[in-house]
Amino acid sequence: MHNCPLCQSPETKRYFQDKRREYLQCLQCELVFVNPDQRLDEEQEKAHYDMHENNPQDEGYRRFLSRVADPILERIEPNSHGIDFGCGPGPTLSLMLEEQGHTMSLYDIYYHPDKSVLAESYDFMTATEVIEHLYTPNLVWQQWLNLVKPGGWIGLMTKMVIDVEAFASWHYKNDLTHVVFFSRKTFQYLAERDQLELEFIGNDVILLRKAQ
């Protein structure tokens, strides 16, 4: 068995198996994760992302992103400085937030790899449809906490695990770049461990606030 890639616990079990991959679950934080031996390599992963066609002019895509943009906008101060982590090849959420008077920085391991932005601290950060792709979620999670000032907000969007029965027919697991799957209990574990305020908005938006 493999250690949990999020909390590093060695206490894991087999959760599910399909024709392509084995999925394990951590008994401590309840993260579900793909067997690390079955993940894509970097070249295969990048090729998959290159097929994404996210267009800032696409009103449907903007509506999708507004599910995290609107609650963040309700909570941050005017003229805040934020970072969109994992913004992809067609940054859109950052534009939506800039249109409301905020300043945005961008980071993406493939498309905006300027690491200098990771040395700054921000009033808020967003990561939409990012966390499920992380091979080292423990390291990136700490990076996110370090990016946000005390009292700052982290806004995430990801589909969440419900139970094994739902997982068996869940289309979300079929994307081979999706390798870690969070549940509400996983986020509750992180919020308690790291002293974060936690809010769930709908089925796939998670807001966390760093202690003052």
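Reader: Does cysteine 29 count as buried or exposed?

Author: Buried, at 1% relative accessibility. The general idea is a comparison with cut-offs: buried means under 20% relative accessible area, exposed over 50%, and partly exposed in between (1.4 Å probe, protein chains only). Bear in mind that this is a predicted model, where local features need pLDDT of at least 70 and side-chain atom pairs count only at pLDDT 80 or more, while totals for chains, interfaces and linings use all residues. Residues are numbered from 1 along each chain as its sequence is written, and side-chain values use heavy atoms, leaving out hydrogens and water.

Reader: How many disulfides does a search of the whole structure find?

Author: A disulfide is a covalent bond between the sulfur atoms of two cysteines. The test here is a pair of cysteine sulfur atoms within 2.5 Å. Searching the whole structure that way turns up zero. Cysteine 7, for one, is in no disulfide: its nearest cysteine sulfur belongs to cysteine 26, 3.5 Å away. Cysteine 7 is also buried, with 14% relative accessibility.

Reader: On to sheets. What is the order of the strands in the open sheet of four?

Author: Strands of a sheet pair through backbone hydrogen bonds, either parallel or antiparallel. For the labels, helices (H or I, at least four residues) and strands (E, at least two) are DSSP runs, numbered from the N terminus. Two strands pair if DSSP finds at least two bridges between them. In this open sheet the order reads E1-E2-E3-E8, with antiparallel pairing. E1 (12–17) and E8 (180–181) are the edge strands, each with a single partner, so one side of each has no neighbour in the sheet.

Reader: How many bridges join strand E2 to strand E3?

Author: Three, between E2 (residues 22–26) and E3 (residues 32–34), which run antiparallel. If you'd like a pair to look at, leucine 24 has phenylalanine 33 in E3 as its bridge partner.

Reader: Now charges. How many salt bridges does the count come to?

Author: The rule asks for a side-chain nitrogen of Lys or Arg within 4 Å of a carboxyl oxygen of Asp or Glu. The count comes to nine. Among them is lysine 46 with aspartate 50, at 3.1 Å from N to O. Lysine 46 is partly exposed at 27%, and aspartate 50 is partly exposed at 43%.

Reader: Last one: which residues of helix H4 are buried?

Author: In H4 (residues 137–147) they are Pro137, Val140, Trp141, Trp144, Leu145 and Leu147. Seen down the axis, these buried residues fall within an arc of 160°, so they line one face of the helix. The arc is taken from the directions from the helix axis to the C-beta atoms. Over on the other side of H4, Leu139 and Asn146 are exposed.
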